[in-house]
Amino acid sequence: MEGSARGNYGLTDQVAALHWIQENIAEFGGDPKNVTIFGHGYGAACVNFLVLSPMSKGSSLFPAGLFQRAIMMSGSALSPWAVARDANYYAQQIARTLGCPTDQPATLLECLRERSVADILRVQITVPKFLTGFGPTVDGIVIQNEPTAMMEELADEHQFGLFDLMFGVTKVESYFYISDKDEKNGMEVERRDRLLRTLVRNIFTYHLQEIFLTIVNEYTDWTKAVQHDVNTLDGTLDALGDALVVAPIVKSANYHSTSPRKSFFYVFSYQSGDGKFPQRQGSITGEDIQYVFGAPLVGTLGHFSRNYSQQEVTLSEAVMTYWVNFARNGDPNTPPPEKPQERGGRNRNNRVNWPSYDSIHQKYMLIGLKSKLKDHYHAHRLSFWLNLFPQLHSTSSVSVSPEHHLLDDHDNMESYDGAVRQMPFDMTRPPSDDPTNAPPSLMTTDAKSDSEKPNVMSTIDPEEAVSTENNTLSVTTMNITDSLSVILSPSPLSAALSVTIAVGASLLILNVLVFAGICYQRDRTRAEEKMQKRLITQQNAIDSQMGDAAVANVKSGSLLAPPPSPACIQPQQEIALHPPPPKFLHPHKVPLKPCVIPTPPQIHQRESLSDVQTLMQQGVTPMPKKSPIHQFSQNAQVHFPHNHLEIKL
């Protein structure tokens, strides 16, 4: 309550306990200058707040500070559920239920203190899912500012590195958000959408539909042709775990790794064989606690399992060794043994060197029966929560209507799973100047009619307006989450940005066209070269075939002499067929001159291809040897049987 009770009594009680340790632990044999605190879940968030709080730093009474090292298991101050942002509203709701006045904070506080714890616990309050009703608050004293802002500031001043830190998560950090039916049969797509829509609406403010669709796309196993309900369940568990635990704790580790002190990151991957949860999911939230406290070594410890294997006993010894070494000297690695005979008894899990964590290499220890050193735990998935979504959520443009930031079917309560926040801004009227602390609007699946829903009005403090060169930033504080929405007024920068984008797009298109033209010309030149080579190859093949055929004919045959002239053949035939009568023969007459038949040139068998082609051009035709011809010479004689007529050729 403002002016009466600022809250954070839980954190101040923890600070008081640390003061007691500093004053009295030496009497029990402890070292007040070597104190380590660790917590799990909400306890880890409290450890993170104590690391950030100025109340834990060194003072005149305790120069070394209240503690020197911290271990955060499955929790961080950056988780959405770590800070109770609407505790004042829920306190008033409880007061009205118990009949206490709510107009005066001091009177309300005094009335609540008079009520019993049982009466207060019987009051039912509706808190949006994944958020917290009561818990640490930003009061300006214990927690001076938003955790993210404090980490950034302390990292710049190297004050975040006053402590050695160990961070850790398990494989499945959101197991308790699903039902027994989901665990047994898997999760339907409709149920997944309701859970993710509730998550997005309760932890984000801007571009809700875009963020929701991005989450669904990223956590869907697209290697499966058919999305089975079991695969849908696995993806939903991963999405919820990354959003609520893993991404915030990795972000905290990245901030702390910039300091000179050491950071160590682990992932506990082993699930107990005789545990109460199904083996298919792997290690779930809290699976590592029993091994830290040594439950397998004692057999019976609280509600933990009572049946452990020898391998689990060895694992518990290794985990306890890591924690003890870190608490003793700020390094979980086992120091080398001083005596040679001690080397054989060293646990095999402790043989793996555990390097410190940094934001570049991001190495971590995968703790299991066979511990392994790995790096960049789910780097691609976590990049959405660490980079993309914060940028989308932190920007808002005046050119975008408020309806753009809403989910599809935003007001349908059947499309959510559990209580959700009302609209984080008023779309129907301008912000009000009334500084009254209006209660946050909640909507559940059984919500009342619109007329009965309380209105949420944003308040703008003129002193919070920040002037820049040409822009005026109006910082609007909403009572729902105390988050800041920055609304930019129109300015010439928008026009300049539009021109720049247009010019850039034009140059990009021009470059694409030029590149396409170069590729087309290159392909065309290559095609022409291939066609030319193909034609030359075909021509050479044809010439080679013709030459081979001619050479083969010359080698296998002889040349045929050209036929005799018709002038010679016809008289000879007539004389041979019709010889003249004897009385017309005149012995004193000169006989006819013999016809001369040209002798064909002699071609040897080993003539060259060029000689053969020359002879073919002169009309000489090769003749195969299978068709023999008569060889003629200039002195050949033709004998006729009649009258001894002799004709010389």
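Me: How much of residues 495-520 is helix, and how much is strand?
Reply: This is a predicted model. In it, residues 495-520 are 100% helix and 0% strand. The end C-alpha atoms of that stretch are 38 Å apart.

Me: What does UniProt list for residues 495-520?
Reply: An unreviewed UniProt entry lists them as "transmembrane region".

Me: New topic. How many aromatic pairs are in the whole structure?
Reply: A search finds 24. Phe-264 and Trp-354 form one of these, with ring centres 6.0 Å apart and 80 degrees between the planes. That pair is edge-to-face.

Me: Is Phe-264 buried or exposed?
Reply: Buried, because its relative accessible area is 1%, and under 20% counts as buried. Trp-354 is also at 1%, so Trp-354 counts as buried too.

Me: Which residues are in the cluster with them?
Reply: Ring pairs link Phe-264 and Trp-354 with Tyr-266, Tyr-322, Trp-323 and Phe-326.

Me: And why is the Trp-385 and Phe-389 pair called edge-to-face?
Reply: Because their planes are at 80 degrees, and over 60 counts as edge-to-face. Their ring centres are 5.0 Å apart.

Me: How far apart are Trp-385 and Phe-389 in helix 14?
Reply: They are 4 residues apart, so about one helical turn separates them. Helix 14 covers residues 379-393. Both Trp-385 and Phe-389 are buried.

Me: Last one. What lies over the face of Tyr-416?
Reply: Arg-197, at 4.9 Å from the ring centre.

Terms used
Residues numbered from 1 in each chain as written. Predicted model: local features only at pLDDT ≥ 70, side-chain atom pairs only at ≥ 80, totals over all residues. Heavy atoms only, no water. UniProt positions renumbered as here; feature names shortened; annotations may be inferred. Helix = DSSP H or I, 4+ residues; strand = E, 2+ residues; numbered from the N terminus. Phe/Tyr/Trp six-rings, centres within 6.5 Å; stacked < 30°, edge-to-face > 60°. Buried < 20%, exposed > 50% of the residue type's maximum accessible area, 1.4 Å probe, protein only. Lys NZ or Arg CZ within 6 Å of the ring centre and 35° of its normal.
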